[in-house]
Amino acid sequence: MTPERYTKLNQVLDCRQPDLTLLTDQVHKPRNIAALIRNCDAVGIQQMHAVTPAVSHRPFNGTARGSQQWVDLTMHDSVENGVISLQHQGFKVVAAHWSSRSIKYTDWDYTQPTALLLGAERMGVSARGAELADAHVIVPMVGMVASLNVSVAAGIILQEAQRQRAVNGMYEYCRLEEWERSRIFFRWAYPRIAEVCDQNGQAYPLLDDAGNLIEPWAQG
């Protein structure tokens with residue numbers, strides 16, 4: 001573990017936002033999932049959620065390996081279960097969806113626990129997802145095209161969430177629980193060892209104050 005890598009991992013972890021997340025509703029294209037994961041990482045989202053699409057060109061496994069190692073992805077079998085689960089955790093679910101109750105995306109308060117709900121490009125958020133959502137937001141447009149690519153829309157809205165949270169000092173201190181922060185740090189620093197430990201139900205080895213393994217580690 002170099003000092004530079006140790007510092008970088010800690011800096012990123014200190015900016016993670018446990019009460020900001022994203023939930024996809026039947027987004028099935030792997031390249032869009034990959035782009036959404038990158039968007040999540042960019043604004044400090046650690047846990048992204050996705051509804052398993054009814055039709056998928058390719059499975060999610062292996063998608064966005066360059067970014068997915070930094071963002072955890074939780075799958076739900078329906079948008080209803082995904083939305084209700086997040087609401088039970090205290091999130092307000094905000095759908096990127098045009099309706100009579102839609103507001104401009106900049107008018108939502110993203111400093112409160114918020115889950116952004118996004119649908120596939122052609123279909124948008126499902127009727128059930130829109131019904132369950134606590135609010136609807138839109139990105140105003142003045143061109144001929146009536147919709148944006150899902151990852152572009154996510155990027156625009158999440159950047160506003162980041163701006164509001166930065167103004168309120170929410171990136172200036174670590175907001176993760178210490179046990180969670182330590183676990184994520186180990187997974188990032190030693191992914192292969194973490195994978196073996198997870199598979200075998202083992203505790204992660206201890207690290208020193210510089211992020212190095214205290215004792216040599218061997219499987220088994």
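A helix, in this tour, is a DSSP run of H or I with at least four residues, and helices are numbered from the N terminus. The model shown is predicted.

**First selection: helix 6**

Select residues 150–167, which form helix 6. Its 18 residues should span 26 Å at 1.5 Å a residue, and the end C-alpha atoms are 26 Å apart, so expectation and model agree. Buried residues of this helix include Val-150, Ala-154, Ile-157, Leu-158, Glu-160 and Arg-165. To see what covers the buried residues of helix 6, display strand 1 (20–25), helix 2 (30–43), strand 4 (92–96), strand 6 (114–119) and strand 7 (135–138), which are among the covering elements. Next, select Gly-169, which follows helix 6 and has a positive phi, near 75°.

Move to strand 3 (residues 72–76), where His-76 is found. Is His-76 buried or exposed? Its relative accessibility is 10%, and His-76 therefore counts as buried, the cut-off being under 20%. Show the side chain of His-49 as well: it makes a polar contact with the side chain of His-76, at 2.8 Å. Beyond four places in sequence, the contacts of His-76 also include Leu-23, Val-51, Asn-81 and Ser-85.

Finally, select helix 7 (residues 178–189) together with helix 8 (residues 191–200). Their axes lie 5 Å apart and meet at an angle of about 120°; the two helices are therefore oblique to each other. Helix 7 contributes Arg-183, Phe-186, Arg-187, Trp-188 and Ala-189 to the contact, and helix 8 contributes Pro-191, Ile-193, Ala-194 and Asp-198. By class, this contact has six nonpolar, three charged and no polar residues.

Terms used
Residues numbered from 1 in each chain as written. Predicted model: local features only at pLDDT ≥ 70, side-chain atom pairs only at ≥ 80, totals over all residues. Heavy atoms only, no water. Axes fitted to C-alpha atoms, helices over the stretch in contact; angles between N-to-C directions. Parallel < 35°, antiparallel > 145°, perpendicular 65-115°, else oblique. Contact = heavy atoms within 4.5 Å. Nonpolar A, V, L, I, M, F, W, Y, C, P; charged D, E, K, R; others polar. Buried < 20%, exposed > 50% of the residue type's maximum accessible area, 1.4 Å probe, protein only. Polar contact = N/O pair within 3.5 Å; in protein donor to acceptor, adjacent residues only side chain to side chain. Expected span 1.5 Å × (residues − 1).
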